[in-house]
Amino acid sequence: MRDDSNKGQKLFDILAQAFLQEDVSTCFALLGDANMNFATRLAEGGCGMIYVRHEHCAVAAAMAYARKSGEVGVATVKCGPGLTQLMTALPAAVRANIPLVVFAGEAPLKAAWYNQAIDQAPFVAATGSAYQSLHHPEGMPTAIRDAFVQARRERRPVVLGVPFDLQNRPWIGPVTLPTPSRDLLPDLPPIPPHPDDLARAAAMVAGARRIVVMAGLGAVEAGAGPACRALAERCDALLATTLPARGLFHDDPFNLNVAGGFSTETARECLAEADLVIAVGASLAHHNSDGGKLWPNARLLQIDTDPVAISQGRVAAQAHLRADARLGVETLVAELPTRAPAWRSEALAQRIATTPADSTPFPAEPGLHDPRDVVAAFEKHLPHDWQMVNSSGHCSYFFAQMPSRPQTHFLTIREFGAIGNGISFAMGVAAARPADTVVMFDGDGSLLMHIQELETIARHGLNILIVVLNDGAYGSEIHKLRAEGLSDAGAVFGRTDLASIARGFGIGGATITDLAALPGLIADFAKTGGAAVWDVPVSDQVASPVIRRAHPPK
Ligand SMILES: Cc1ncc(C[n+]2csc(CCOP(=O)(O)OP(=O)(O)O)c2C)c(N)n1
Ligand SMILES: [Mg+2]
């Protein structure tokens, strides 16, 4: 029997209500037939909408939003060509273990022919994301709730395909939404370590002389930073982090900063001396150990809720302690006797503080900056409470060298290795931290890949400063091609006038020819807020140590 209590609502009304019931407060969207009614109702229901100019950027921004807020990131795109635009963003979210729900629409079920129809499930499956095709209207509110549960539990995107002819049908019967996921998700206390694991770990520590405690995002999430510092102090160890967790120990004198391809010269020397690395809440990715080259003499003890032997093709750990990162480290500290400092000396702290990340000289080029000088100037003058986003490319080695920036104010998502994401990640962080200023460091090629999003930034009044190390090229490629003795012509474009482009979008633009102007420019930007692109012309002759090691000149 028909029940009129729903006041003539359509299915898209109910779908929007099901999302709102999941406490979705921000959604990144690009509209089309298959999602615009839903998205409009979502906005009317109080969800903050950021309307982007490319679907990839909706999902990429949702990734950064999820990482920064701890919520499930939400995006919506239309079916067919809207969905196929996501083939780079979805695998990036899968590899970074980021929970997302993407409302994608689907081709109409009853149409005999539809030009944008495509079999969406295999596309999504190929990215490693889950695809849920929702074809039963009455079951959809529960299926949406379940998608949020699945995204959180499996820490990956769930894409919902809802045929848009169904979305526009009247809702029959009363509206009853399911219990929301927040009331169902298990509220589990942190896992304590087993005494046998602890005893083995304590014995390993006792038998080691040069120990490095290395934290990953798992340590950040578990709030294990202070415990890691206490562990390092207790056993005369140095500290390091993975790249995404960089800054967790930013103010510790024995912090080596990033362990990985982006390690400083001093960090590489110390890690080479290590005989034990204690990895806390780190997935032991290939880059983290620079493919196994970073600590050739060390055994690795992994403290994690899900310890592994092999990671990304390498035997990554020899010993394991299964526990919540904070609880595992705190309990281990309590088991250990205090060791007199030997490795942790004044002299070493001095060396860490004063040795440049890379001291290789390169000839100066008139009118162009050495990227290392640019980064040093920003490191010195940028306010510490600005949110920093690091993008990709050859230049990313340089702007990873800003050791005074705390992890709470840092974001990088690099696991799929795609360029072009910095601008979206900055938008996601700006949406998650609306009161903060965001500064995003990028390469010229990467920014140009999705420069249309300057329009989104301007329209939504986002507070984002974009700093571009402009070498007029795909730097990674030119350095590798040159090292191979090949022509770099296919990767050199010349320096686009990015400041003029930014002004064309209605935001600020400056070309920074003199680094002495930086303090004044930063002070002005801090006063006015808003958005700007600062184009910093850099030499294309300064090759990072990452490139020099992987591609030594022939
Ligand atoms: C989507 C995607 N396309 C191409 C590449 C290959 N790639 C890696 S780094 C890079 C150059 C990026 O140039 P830019 O942003 O200017 O930074 P630079 O390397 O010059 O510092 C390219 C093209 C990639 N990683 N991802
Ligand atoms: Mg470049």
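Which backbone nitrogen does the side chain of Thr-264 reach? The answer is that of Ala-267, at 3.0 Å.

## Ground rules

This is a predicted model, where local features need pLDDT of at least 70, side-chain atom pairs count only at pLDDT 80 or more, and totals for chains, interfaces and linings use all residues. Residues are numbered from 1 along each chain as its sequence is written, chains are lettered from A and ligands numbered from 1 in the order in which they are written, and side-chain values use heavy atoms, with hydrogens and water left out.

## Two loop residues

Back to Thr-264: it sits in the loop between strand 9 and helix 12. Helices (H or I, at least four residues) and strands (E, at least two) are DSSP runs, numbered from the N terminus. Thr-264 counts as buried because its relative accessible area is 15%, where buried means under 20%, exposed over 50% and partly exposed in between (1.4 Å probe, protein chains only).

Pro-361, in the loop between helix 14 and helix 15, is exposed at 70% relative accessibility. Its C-alpha atom is 8.7 Å from that of Val-542, 181 residues away along the chain.

Ligand 2 is a magnesium ion, and its protein donors are Asp-444 (OD), Asp-471 (OD) and Ala-473 (O), at 2.0 to 2.2 Å. Donors here are N, O and S atoms within 2.8 Å of the metal (3.2 Å for Na, K and Ca); water is not among the atoms, so sites may look incomplete. Along the chain the donors are spaced D-x26-D-x1-A. Asp-444 belongs to helix 18 (residues 444-449), while Ala-473 is 29 residues apart from it, in the loop between strand 18 (464-470) and helix 20 (475-483). Asp-444 is buried at 6% relative accessibility, and Ala-473 is buried at 3%.

Asp-444 turns up again at ligand 1: of the 16 residues around that ligand, the nearest are His-394, Asp-444, Gly-445, Ser-446 and Gly-475. A residue makes that list if one of its heavy atoms lies within 4 Å.

## Pocket and cavities

On a 1 Å grid over the protein atoms alone, a cavity is a set of points where a 1.4 Å probe fits but cannot get out, and a pocket is an open set with protein on both sides within 12 Å along at least five of seven lines; lining residues have an atom within 4 Å of a point. Points are joined across faces, edges and corners, and a volume is the space filled by probe spheres set on them. The second largest pocket comes to about 560 Å³. It has 25 lining residues, with Thr-355, Pro-356, Ala-357, Gln-401 and Pro-403 closest to its centre.

The whole structure holds 3 cavities of 30 Å³ or more. The largest has about 50 Å³, and its lining includes Ala-92, Phe-416 and Gly-417.

Note on methods
A polar contact is a pair of N or O atoms within 3.5 Å; within protein, one must be able to donate a hydrogen and the other to accept it, and residues adjacent in sequence count only if both atoms are side-chain atoms.
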